[in-house]
Amino acid sequence: MQRTAFGKFCLGTLLITIVLVSGSSGQRRRGYPKPPGPPVTQNDPTSDTKSIRRLDTFAMEREARELSALASSIPGDVEQLKKGLLPSDAVDKLKRIEKLSRQLRGQIRP
């Protein structure tokens with residue numbers, strides 16, 4: 001009986017020692033934590049110039065003039081439509097106006 005009590009005492013002491021040692025070992029630090037590094041910024045001047053597109057101002061001006069001329073001819077075509085006459089090129093003019101406006105918008109939009 002003494003042997004069983006002594007064995008339980010040793011086993012209990014061993015378990016308590018293991019729990020205390022394993023619990024405290026996770027709490028130790030080997031120094032202070034390192035602060036985070038500085039934020040990374042990219043001040044590369046070449047990347048700024050790549051993002052800027054060159055605008056072809058001469059082509060834009062030419063397309064704007066053509067767009068204006070086509071748009072100014074549409075009211076006359078509408079007047080002819082009121083009289084029951086369909087100008088043969090009215091639909092083509094409207095398609096060209098759409099195409100020119102898409103091109104200009106695409107060149108202007110960043």
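Helices (H or I, at least four residues) and strands (E, at least two) are taken as DSSP runs and numbered from the N terminus. The model is predicted, so that local features need pLDDT of at least 70 and side-chain atom pairs count only at pLDDT 80 or more, while totals for chains, interfaces and linings use all residues. Residues are numbered from 1 along each chain as its sequence is written, and side-chain values use heavy atoms, with hydrogens and water left out.

**View 1. The protein has four helices and zero strands.** From the N terminus on, the elements run α-α-α-α. Of the 110 residues, 12% count as buried, where buried means under 20% relative accessible area, exposed over 50% and partly exposed in between (1.4 Å probe, protein chains only). The accessible surface comes to about 10300 Å², of which 61% belongs to carbon and sulfur atoms; such areas come from the Shrake-Rupley method with a 1.4 Å probe, and for residues only the protein chains shown count as cover.

**View 2. The largest nonpolar core has seven residues, namely Met60, Leu67, Leu70, Ile74, Ile97, Leu100 and Leu104.** The elements that give two or more residues to this core are helix H3 (57-82) and helix H4 (90-108), and H3 gives the most, with four residues. A nonpolar core is here a set of buried Ala, Val, Leu, Ile, Met, Phe, Trp, Tyr and Cys residues joined through side-chain atoms within 4.5 Å. Leaving aside its neighbours within four places in sequence, Leu70 is in contact (heavy atoms within 4.5 Å) with Lys93, Arg96, Ile97 and Leu100.

**View 3. The buried residues of helix H3 are Ala59, Met60, Glu63, Leu67, Leu70, Ile74 and Asp77.** What covers these buried residues includes H4. The end C-alpha atoms of H3 are 38 Å apart, which agrees with the 38 Å that its 26 residues should span at 1.5 Å a residue, the expected span being 1.5 Å times one less than the number of residues. H3 is followed by Gly84, whose phi is positive, near 95°.

View 4. A salt bridge is a side-chain nitrogen of Lys or Arg within 4 Å of a carboxyl oxygen of Asp or Glu. The side chains of Lys93 and Asp89 meet at 3.9 Å, N to O. Lys93 counts as buried because its relative accessibility is 15%, whereas Asp89 is partly exposed, with a relative accessible area of 34%. Not counting residues up to four places away in sequence, Lys93 touches Leu70, Ser73, Ile74 and Asp77.

**View 5. The side chains of Arg96 and Glu66 meet in a salt bridge (2.9 Å, N to O).** This pair links distant parts of the chain, with Arg96 in helix H4 and Glu66 in helix H3, 30 residues apart. Arg96 is partly exposed, with a relative accessible area of 28%, and Glu66 counts as partly exposed at 30%. A search of the whole structure finds five salt bridges.

**View 6. Glu79 forms a salt bridge with Lys82, the closest N and O atoms being 3.4 Å apart.** Because Glu79 and Lys82 are three residues apart in helix H3, they are separated by about one helical turn. Glu79 counts as partly exposed at 43% relative accessibility, whereas Lys82 counts as exposed at 63%.
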